[in-house]
Amino acid sequence: MHEFTVVRSLLEQVDRIVAEQGGGDIEEIRIRCGDFSGVEPNLVAEAFELLRVGSRWQETRLRVEVEPLIARCESCGTTFEPDRFRFRCPACGAPTVREVSGDRVILESITLRTADRPPQQESH
Ligand SMILES: [Zn+2]
């Protein structure tokens, strides 16, 4: 499954960033999964569920947001959501458009668990 590779490389990326910041326990990871990235958000979530069991990611949550594909016309600058296989500017008809988002998986944020969080209180 392709998504395992995606999740593993994301976790490596997270590791690097957290290590640079001085380390810590990771509570939540948020990613944006492009509609056109070739990666299935559900499968990413599943892959993470399988990878984290018994690992140090056991307590980490992964949130996956789906990001639509957005393209920008290189002639007139219009941004639009293109049809999957027909990249043509709806404003001027130019075929030279560039994908600006939605074509990759992006690490959005990392939340670290804070050690000094007060214990959860039960309300009565
Ligand atoms: Zn255009």
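Reader: Let's start with the metal site. What geometry does the site of the zinc ion have?

Author: The general idea is to look at the angles among the donor atoms. Four donors count as tetrahedral if all angles lie between 85 and 135 degrees. Here, in what is a predicted model, the angles among the four donor atoms of the zinc ion run from 105 to 115 degrees, so the site is tetrahedral.

Reader: Which residues coordinate the zinc ion?

Author: Look for the SG atoms of Cys73, Cys76, Cys89 and Cys92; they sit at 2.3 to 2.4 Å from the zinc ion. Along the chain, these donors follow the spacing C-x2-C-x12-C-x2-C.

Reader: Where do Cys76 and Cys89 lie in the fold?

Author: Cys76 is in the loop between β3 (70-73) and β4 (79-80), while Cys89 is in the loop between β4 and β5 (97-101). The pair therefore ties together parts that are 13 residues apart in sequence.

Reader: Okay, on to aromatic rings. How many aromatic pairs does the structure hold?

Author: A pair of aromatic rings is described by how far apart the centres are and by the angle of the planes. This structure holds one such aromatic pair. Its rings belong to Phe36 and Phe87, with centres 5.9 Å apart and planes at 45 degrees, so the pair is tilted.

Reader: Which parts of the chain does that pair tie together?

Author: Phe36 lies in the loop between β1 (26-34) and α2 (41-52), and Phe87 lies in the loop between β4 and β5. That means the pair ties together parts that are 51 residues apart in sequence.

Reader: Let me step back to the whole fold. What pattern does the protein chain follow?

Author: To read a fold, list the helices and strands in order. The protein chain has two helices and six strands, and along the sequence they come as α-β-α-β-β-β-β-β.

Reader: How many of the residues count as buried?

Author: The protein chain has 124 residues, and 27% of them count as buried. As for its surface, the chain exposes about 8400 Å², with carbon and sulfur atoms supplying 45% of that.

Reader: What about contacts between residues that are apart in sequence?

Author: Take the contacts between residues at least 6 apart in sequence: 70% of them join residues at least 24 apart.

Reader: Can we try single residues? Where is the place of Ala71?

Author: Ala71 is in strand β3, and at 0% relative accessibility it counts as buried. Leaving aside neighbours within four places in sequence, Ala71 has contacts including Thr78, Phe80, Pro82, Val97 and Val100. Its C-alpha atom is 9.3 Å from that of Arg88, 17 residues apart along the chain.

Reader: And which helix holds Leu43?

Author: Leu43 is in helix α2. At 27% relative accessibility, Leu43 counts as partly exposed. Leu43 and His2 are 41 residues apart in sequence, with 9.0 Å between their C-alpha atoms.

Key: Residues are numbered from 1 along each chain as its sequence is written. This is a predicted model: local features need pLDDT of at least 70, side-chain atom pairs count only at pLDDT 80 or more; totals for chains, interfaces and linings use all residues. Side-chain values use heavy atoms; hydrogens and water are left out. Donors are N, O and S atoms within 2.8 Å of the metal (3.2 Å for Na, K and Ca); water is not among the atoms, so sites may look incomplete. Four donors count as tetrahedral if all angles lie between 85 and 135 degrees; four count as square planar and six as octahedral if opposite donors are over 155 degrees apart and all others between 65 and 115; anything else is irregular. Helices (H or I, at least four residues) and strands (E, at least two) are DSSP runs, numbered from the N terminus. Buried means under 20% relative accessible area, exposed over 50%, partly exposed in between (1.4 Å probe, protein chains only). Contact means heavy atoms within 4.5 Å. Accessible areas come from the Shrake-Rupley method with a 1.4 Å probe; for residues, only the protein chains shown count as cover. Rings of Phe, Tyr and Trp (its six-membered ring) pair if their centres lie within 6.5 Å; planes under 30 degrees apart count as stacked, over 60 as edge-to-face and the rest as tilted.
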